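Try each task first, then follow the solution step by step.

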Amino acid sequence: MGGWLMDKIFTKPRVAAISACVSKNRMELADLADLYGEATVAKIMKVTGIERVSIAPQGTTTADYCATAANRLMHEQNIDPKTIDGLVFVTETPDYIIPHTSAILQDRLGLPNHALAFDINYGCAGYVYGIFQASLLIESGYCRRVLVCAGDTLSHYVNPADKAVRMVLGDGGSATLVEADEKERRSAFSFYTDGSRAEHLMIPAGANRMPHNPGVTDVLHTDADGNARTDEDFYMNGLEVMGFALNETLASIRETAGRIGWELPEIDLFALHQANALIVQYITKQLKLPKERVPIGVGDTGNASSASIPIMLTSTFGGKTLEFTKVLACGFGTGLSCAGAALDLSGTQVLNLMEE
């Protein structure tokens, strides 16, 4: 491995604890049979592996779920909020346009005023980006403890007539504590972005490029597949996003493993973005990975964007202390982008998945 890659290996950060929270409100996909047709619903459930999705009530935000997860983490791990000197909030669904939601969370969580706090506008690859940012802060010596809060409440932007995304997206938030370790603990990251394909996963209207325009941006239109939405609703070109995920994710996983010098067969756990069961199973098959090392946890909550990896970990390993020394996490989606992380999660505390 070349010297420039060695420079990109972190040795100080440690993922100490992981917590996640989802909405207790579930929408059963089977209940949509009368609306979309029994055959259509059955097909989507079979392909995605999703039986129900968590839906946040109106007025409940990503920050609410992240705050619940963070408070539970600090309580169970006996962490004094005043000892946390960094907060990274990752979401595409903030509380406000202005100010940054991390400022709101700094106050809600009782973090010190001198704590660094900022937002990252990111989706499905956002969890890895959040861990990366926290790791940079730890590695530089600027911070000792960083809280990464990641999640989304995208159901608020889904048109009920758009079955393509309504039956896939779920809501939730997470909190991950990254802190400086006394012993050397190696980690590495890799990234890929193709902004030329950004239009395939987006909310076209509502911001400065295409402001809300009554009678224009809020007009319902139906696509060739019978999915209806306005320009102010979440849009996903399923085939394009699927193609990106299936191709670029494989390369990202291989690159991330190679960057830290791991061979795929020796990796203990693959923590993949839970887009749907089909994608995770395809990656598992293409890379010839043992199924038991690639858990799937999308069936009960749906695709929760940047919270999907911690939700999967808490639903699979909740209440346990991990002993995986070689973990490869990978997120992929909005951007379109991919992000991989090679992590040592030995000793990481995983809390039980919460609902509120």
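**Exercise 1: an aromatic cluster**

In this predicted model, ring pairs join Phe-10, Tyr-122, Tyr-129, Phe-132, Phe-189 and Phe-191 into a cluster. Take the pairs Phe-10 with Phe-189 and Tyr-129 with Phe-191, and work out which parts of the chain each one ties together.

*Solution.* 

Step 1. A ring pair is described by the distance between the centres and the angle between the planes. Nine aromatic pairs are counted in the model. Phe-10 and Phe-189 form a tilted one, with 5.8 Å from centre to centre and 55° between the planes.

Step 2. Turn to Tyr-129 and Phe-191, a tilted pair at 4.7 Å centre to centre with 50° between the planes. Tyr-129 lies in helix α6 (residues 126-140) and Phe-191 in strand β8, so the parts tied together here are 62 residues apart in sequence.

Step 3. Check the burial of the second pair, taking under 20% relative accessible area as buried and over 50% as exposed. Tyr-129 has 15% relative accessibility and therefore counts as buried. Phe-191, at 29%, counts as partly exposed.

**Exercise 2: a serine in a strand**

Is Ser-19 buried or exposed, and what does its side chain reach?

*Solution.* 

Step 1. Find Ser-19 in strand β1. Its relative accessibility is 0%, so Ser-19 counts as buried.

Step 2. Follow the side chain of Ser-19: it reaches the backbone oxygen of Ala-69 at 3.0 Å.

Step 3. List the surroundings. Leaving aside neighbours within four places in sequence, the contacts of Ser-19 include Ala-69, Arg-72, Leu-73, Ser-174 and Thr-314.

**Exercise 3: a helix and its cover**

Which residues of helix α9 are buried, and what covers them?

*Solution.* 

Step 1. Go along α9 (residues 277-286): Ala-277, Ile-279, Val-280, Ile-283 and Thr-284 are buried. An α-helix has 3.6 residues a turn, so residues three or four places apart point the same way.

Step 2. Look at the cover over these buried residues, which includes α3 (38-48), α8 (238-260), β13 (269-272) and β15 (327-333).

Step 3. Finish with the two ends. At the start of α9, a side-chain oxygen of Asn-276 comes to within 3.0 Å of the backbone nitrogen of Leu-278. After α9 comes Lys-288, with a positive phi near 55°.

Notes: Residues numbered from 1 in each chain as written. Predicted model: local features only at pLDDT ≥ 70, side-chain atom pairs only at ≥ 80, totals over all residues. Heavy atoms only, no water. Buried < 20%, exposed > 50% of the residue type's maximum accessible area, 1.4 Å probe, protein only. Helix = DSSP H or I, 4+ residues; strand = E, 2+ residues; numbered from the N terminus. Contact = heavy atoms within 4.5 Å. Polar contact = N/O pair within 3.5 Å; in protein donor to acceptor, adjacent residues only side chain to side chain. Phe/Tyr/Trp six-rings, centres within 6.5 Å; stacked < 30°, edge-to-face > 60°.
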